[in-house]
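This report covers cavities, a surface patch, backbone geometry and salt bridges in one structure.

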Amino acid sequence: MASTTKDSYYVPDQARWPIVGSIGLTTLLAGFANFLNGSSVGATFMVIGAIIMVTMFFGWFGTVVSESVSGTYNHQVDVSFRMGMIWFIFSEVMFFGAFFGALYYARQLSVPWLGGEGSNLGIETHQYLWDAFSNVWPTNGPAKVGGLEDGSFHPMAAWGVPAINTMILLSSGGTVTWAHWGLLANNRGQLIKGLIATVVLGFSFVVLQAYEYHEAYTEMGLQLGTGIYGSTFFMLTGFHGLHVTIGAIFLTVVLFRSLRGHFSAEHHFAFEAAAWYWHFVDVVWLGLFIFVYWL
Amino acid sequence: MTATTHDDHHDHGPAKGIMRWITTTNHKDIGTLYMITALIMFFVGGAMALVIRAELFEPGMQYVDPLFFNQMTTLHALVMVFGAVMPAFAGLANWMIPMMIGAPDMALPRMNNWSFWILPFAVCLLASTLFMEGGAPSAGWTLYPPLVLQGGNNLPFAVFSVHLLGISSIMAAINIIVTVFNMRAPGMTWMKLPMFVWTWVITAFLLIAIMPVFAGAVTMLLTDKFFGTSFFNAAGGGDPVLYQHLFWFFGHPEVYVLILPSFGVVSQIIPTFARKPLFGYSSMVYATASIGLLSFIVWAHHQYTVGMPIQGELYFTYATMLIAVPTGVKVFNWLATMWKGAMTFETPMLFAIAFVVLFTMGGFTGLMMSISPADLQYHDTYFIVAHFHYTLVTGAVFAILAAVYYWLPKWTGYMYDERLGKLHFWLTTISVNVCFFPQHFSGLAGMPRRIPDYAVQFAEFNAMSSVGAFVFGFAQLILAYVVIQSIRGGDKATDEVWEGAKEHGLEWQLPSPPPYHTWTTAPDIK
């Protein structure tokens, strides 16, 4: 470490955490796969893998934080981190793109086709399978997969909890920016207050979504297995909720680091990375609110 | 400016023993790890191919049962694509990009280590399915539902293996992009960038865009099987064809992930051995970028027979044909580079020229299949098998072989045995054509792919194919021997290795082998 000066790019000697991460990730996933196949040891391996992963994240990020605080990173290293974070977020956008793609495909193509649209030459092929089915959205398909006992279900309305959650996320985008202004102006109080507000709003979103899921599962007949509507609804909002949780944990770490006096007006990559990630989660939510809940 | 071999306190060597390789953050070490993994996987995937060709040597069922045969076709493809070709190019990128742009290392060295070290675990997850109830996945490398959901216990392992491979590729791609954007030596402007670096930047962009989509698609497979979702189930309002769209939105750019770095390699090698600068450098850059962009809007040409609306068939036909234009630009640029060059024909150049000729053939058969009414005849026959093996074996694999012979003396410091190299080249090139050329004919005559038995009229072509495949497979042992021999010693290589190579890239200004850390002080770029 002493070998590095401010004017040269920091190339670490050895890294022990990546191999720990690989072992943890593989244990977690192999455990999950065994669990899905009905093996009794699967869950145990999942827990062990998850513990290894959490340890790895603490260790790896801890190393990076202490190097950062001791001034190891010059401006060029900082730029690498920023670019890395931006491209990581881009990959996340594409991941959500796959599920949005599935939603659009179902709504614009597969459900209309099942309802008889686009048949060539007057041959109504759909009639041989499900002649009573017509193109409606939301739907759980011609066979009424899942849902309540009679195969029906209630779709999630936009103007209840989802609208409140939209307000929560949008205002949390504002509070995190306000915290950033505080950091830039060396106003630590504003930084910390802004972060606390953002974290509280973030976790409130998660709690409200959990409440919404509970309603859906117990009252509305809306479950993961409720046809294509349930599939797209829960996979999209579920992965989004997971990302909100990750983002809120990320912001919590940034909050604790701020309380310890980390970050300066010039040097605060982790804060900005968390903020970017938070805005990304925010934008995905807007897409969800419009296309999953509202339209 | 030379490499700073004795540059003081900064030049710490590698760790000792096995921990050097497990904990390394050095781009050269990680490049070596990737290359060795790729070589091993090349033989593993090759052995699977030989199981296929042994069974197909004559009509009737000989050695394996149909289920195992299908597992072999599936795993052969997955291992070759994700275990051999992609890691080989990642290895080349790791070794060469920092040396070519005058950077001290990759931009994110720890993440670089993780990119590599996820790979062996992902491969193990996939390979473990061979020993499970129901065996390995057997629905083809595309993992189409509903077939893939009807297998044994392998599905979650295959899905998680894809997730791990995706994480590994995305991290590698992010690292490459950040390295090229942020770590170029002063004066190394974008339009001075070596073509290999350019092609990898565009490839990395493709990877970051497509691997998450593939991850999403296989996640839907998983939830359809285990959590009751209906993404690919028409009874619930979904559609198995949705999977095909998601898969090929990934899959088509993916095949360019395999071929764009090959273009880069060939664009490095031909100028060196023609002793001329690359003809039409800027048009090469734009052609690569165009191919990258077009790759995102042509995916459904893999699905002409699935029952798409006629407008879709038309659109995808014309869009696909467009790709021939930038690809043609590249081929003509390579020819023009060789035109009136003072050419010599060392092994890397032989492989590069064979690449140009044979990849172009694969390109032309691709053009034939881009035409949707014609493709109805070719679809799922041995014609497509011939097509993509011309692009991926005589294309991507030949480019990797060319690159290995080209840079091996730089890496090891010793010249390889040119006589053995030439023997390897001729055996490989002849046998690969004996193997794959007859498949055009059996395909056009109607032999379907992915079946263990066939009608007797295809017997001669298949026997030829199998003989070619076995010669090809065993000829690769020469490669392994040449590489090991060059690592252990031989004639010392000079710094520029190839006559006049100093004109063709920064890497030739470094010693052979280069010191553990290179360009710790940025070089001056003319």
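Where is the place of Pro513(B) in chain B? In this predicted model, Pro513(B) sits in the segment after helix 15 (459-488) of chain B. The peptide bond that joins Ser512(B) and Pro513(B) is cis, with omega about -10 degrees.

**Backbone**

Chain A also has a cis peptide bond, from Trp137(A) to Pro138(A), with omega near 5 degrees. Pro138(A) belongs to the loop between helix 4 (126-130) and helix 5 (161-184) of chain A.

Asp380(B) lies in the loop between helix 12 (372-378) and helix 13 (382-412) of chain B. Arg450(B) is in the loop between helix 14 (418-444) and helix 15 of chain B. With a relative accessibility of 27%, Arg450(B) counts as partly exposed.

**Salt bridges**

The count over all chains comes to seven salt bridges.

| Residue | Partner | N to O distance |
|---|---|---|
| Glu272(A) | Arg82(A) | 3.2 Å |
| Arg20(B) | Asp29(B) | 2.7 Å |
| Asp380(B) | Arg449(B) | 3.5 Å |

The salt bridge between Glu272(A) and Arg82(A) links helix 8 of chain A to helix 3 (residues 75-114) of chain A, across 190 residues. Glu272(A) has 14% relative accessibility and therefore counts as buried. Arg82(A) is buried as well, at 17%.

In the pair of Arg20(B) and Asp29(B), Arg20(B) is partly exposed at 23% relative accessibility, whereas Asp29(B) is buried at 3%.

Asp380(B) is in the loop between helix 12 and helix 13 of chain B and Arg449(B) in the loop between helix 14 and helix 15 of chain B, so the pair ties together parts that are 69 residues apart in sequence. Asp380(B) is partly exposed, with a relative accessible area of 37%, while Arg449(B) is buried at 17%. Elsewhere, salt bridges with shared partners join Asp78(A), Arg82(A) and Glu272(A) into one network.

**Cavities**

The structure holds seven cavities of 30 Å³ or more. The largest cavity has a volume of about 150 Å³. Its lining has 16 residues, and those nearest its centre are Met86(B), Pro87(B), Ala90(B), Ser168(B) and Ser169(B). Helix 3 of chain B gives the largest share of this lining, six residues. By class, the lining of the largest cavity has 14 nonpolar, two polar and no charged residues.

The second largest cavity has a volume of about 90 Å³. Among its 16 lining residues, Asp13(A), Gln14(A), Thr25(B), Asn26(B) and Tyr516(B) lie nearest its centre. Five of the lining residues are nonpolar, eight polar and three charged.

**Surface patch**

Tyr104(A), Trp159(A), Ile290(A), Phe291(A), Trp294(A) and Leu295(A) make up a nonpolar surface patch with about 640 Å² of accessible area together. Helix 8 (residues 269-294) of chain A supplies the largest share of the patch, three residues. Phe291(A) is in helix 8 of chain A and, at 32% relative accessibility, counts as partly exposed.

Technical notes
Residues numbered from 1 in each chain as written. Chains lettered and ligands numbered in written order. Predicted model: local features only at pLDDT ≥ 70, side-chain atom pairs only at ≥ 80, totals over all residues. Heavy atoms only, no water. 1 Å grid on protein atoms, 1.4 Å probe; cavity = no way out; pocket = protein on both sides within 12 Å on 5 of 7 lines; lining within 4 Å. Points joined across faces, edges and corners; volume = space filled by probe spheres on them. Helix = DSSP H or I, 4+ residues; strand = E, 2+ residues; numbered from the N terminus. Nonpolar A, V, L, I, M, F, W, Y, C, P; charged D, E, K, R; others polar. Patch = residues over 30% accessible without salt bridge, like charges linked within 9 Å, V, L, I, M, F, W, Y side chains within 5 Å. Areas by Shrake-Rupley, 256 points an atom, 1.4 Å probe, with all protein chains shown as cover. Salt bridge = Lys/Arg side-chain N within 4 Å of Asp/Glu carboxyl O. Buried < 20%, exposed > 50% of the residue type's maximum accessible area, 1.4 Å probe, protein only.
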